[in-house]
Amino acid sequence: MGKVYIFDHPLIQHKLSLMRDVHTGAKEFRELLEEISMLMVYEVTRDLPTKEVEIETPLCKTKARHLSGKKVGIVPILRAGLGMVDGVAKLIPAARIGHIGLYRDPETLQPVEYYCKLPADSESRELLVLDPMLATGGSASAAITFLKQRNCKHIRLVNLIAAPEGIERVQKDHPDVNIYVAACDEKLNEHGYIVPGLGDAGDRLFGTK
Ligand code: PRP
Ligand code: URA
């Protein structure tokens, strides 16, 4: 079964509580999401392999370490996942970025796919799937299924807030995928919203409500 990593770092928790606050506007919400994504990716990538290289400082030649192994791909789930891309890409500038367009039907809560464009060599990359909200888990599970249908094998799921139901769904459907979250909240409400959560992440990011 995939592992779940919950980041309880004080900076992440402080920024997350500002994001949860109903009085936080779109500009600050976007900035906070970018900052938290950057802090999270530092831990998400902790086990990436490195190799020894020789470099020259202004003083002498020395051995140092560079990233090695698989290249990284960033795959935001549209729309709200877009808010996490810049934070991750700032720390991993060589990463290629793919997009999966999904929205959750408000009646059935089922994910509906409307877009998918991935880097040509995605199957050989370590893919970080980004979406701030893991609610029922339907969207994340469907996105990971799309990636697997395209032969991608190395997938990590990065969410800001998860509900227990979403974690359970992804662990059941994709036991090979580890999940990285800043918080696991109490429950879903009758409309499929995470409680206490932060509301509709896409609307708060883009000011559409
Ligand atoms: C939100 C969120 C996830 C999904 C989570 O997107 O960003 O993608 O809901 O819910 P689930 O785990 O129950 O599938 P939404 O469908 O609101 O689309 P948007 O990002 O375009 O606003
Ligand atoms: N999508 C969101 O944006 N927020 C939730 O709480 C659940 C799904």
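Modeller: Before we start, a polar contact here is a pair of N or O atoms within 3.5 Å. With that in mind, an oxygen atom of ligand 1 is 3.1 Å from a polar backbone atom of Ala 80, and please remember that this is a predicted model.

Colleague: Okay, and which side chains have polar atoms by an oxygen atom of ligand 1?

Modeller: A polar side-chain atom of Asp 131 lies 2.4 Å from an oxygen atom of ligand 1, and an N or O atom in the side chain of Ser 139 is 2.6 Å from an oxygen atom of that ligand. Taken alone, ligand 1 exposes 500 Å², and the protein buries 90% of that area.

Colleague: How many residues surround ligand 1?

Modeller: There are 15 residues around ligand 1, and the closest are Arg 104, Asp 131, Thr 136, Gly 137 and Ser 139. Sorted by class, this shell divides into 6 nonpolar, 5 polar and 4 charged residues. Strand 6, strand 9 and helix 4 each supply at least two residues of the shell around ligand 1.

Colleague: Let's do ligand 2, then. What residues are around it?

Modeller: The residues around ligand 2 are Arg 104, Met 133, Ala 135, Gly 192, Tyr 193, Ile 194, Gly 199, Asp 200 and Ala 201. By class, that shell has 5 nonpolar, 2 polar and 2 charged residues.

Colleague: Which backbone atoms does ligand 2 have polar contacts with?

Modeller: A nitrogen atom of ligand 2 is 2.8 Å from a polar backbone atom of Gly 199, while an oxygen atom of ligand 2 is 2.8 Å from a polar backbone atom of Ile 194, and an oxygen atom of the ligand is also 2.8 Å from a polar backbone atom of Ala 201. Taken alone, ligand 2 exposes 240 Å², of which the protein buries 87%.

Colleague: Back to the pocket itself: what is the volume of the largest pocket?

Modeller: The largest pocket has a volume of about 660 Å³. It is lined by 29 residues, and of these Tyr 103, Arg 104, Ser 139, Tyr 193 and Asp 200 are the closest to its centre. The lining residues divide into 16 nonpolar, 8 polar and 5 charged.

Colleague: Which strands and helices supply at least two residues of that lining?

Modeller: On the strand side, strand 4 (72-78), strand 6 (99-104), strand 7 (111-117) and strand 9 (133-134) each supply at least two residues of the lining of the largest pocket, and so do helix 4 (138-149) and helix 6 (201-206).

Colleague: What about the second largest pocket, what lines it?

Modeller: The second largest pocket has a volume of about 200 Å³. Its lining consists of 13 residues, of which Leu 67, Lys 70, Lys 71, Val 72 and Ala 94 lie nearest its centre, and by class the lining has 7 nonpolar, 2 polar and 4 charged residues.

Colleague: Changing topic to the backbone, which peptide bonds are cis?

Modeller: The peptide bond from Leu 78 to Arg 79 is cis, with omega near -5 degrees, and Arg 79 is found in the loop between strand 4 and helix 3 (82-91). The peptide bond from Val 195 to Pro 196 is cis too, with omega near 0 degrees, and Pro 196 lies in the loop between strand 13 (194-195) and helix 6.

Colleague: Last one: is phi of Leu 109 positive or negative, and where is that residue?

Modeller: Phi of Leu 109 is near 65 degrees, which is a positive value in a residue other than glycine, and Leu 109 has its place in the loop between strand 6 and strand 7.

Methods:
Residues numbered from 1 in each chain as written. Chains lettered and ligands numbered in written order. Predicted model: local features only at pLDDT ≥ 70, side-chain atom pairs only at ≥ 80, totals over all residues. Heavy atoms only, no water. Near = heavy atom within 4 Å. Polar contact = N/O pair within 3.5 Å; in protein donor to acceptor, adjacent residues only side chain to side chain. Areas by Shrake-Rupley, 256 points an atom, 1.4 Å probe, with all protein chains shown as cover. Nonpolar A, V, L, I, M, F, W, Y, C, P; charged D, E, K, R; others polar. 1 Å grid on protein atoms, 1.4 Å probe; cavity = no way out; pocket = protein on both sides within 12 Å on 5 of 7 lines; lining within 4 Å. Points joined across faces, edges and corners; volume = space filled by probe spheres on them. Helix = DSSP H or I, 4+ residues; strand = E, 2+ residues; numbered from the N terminus.
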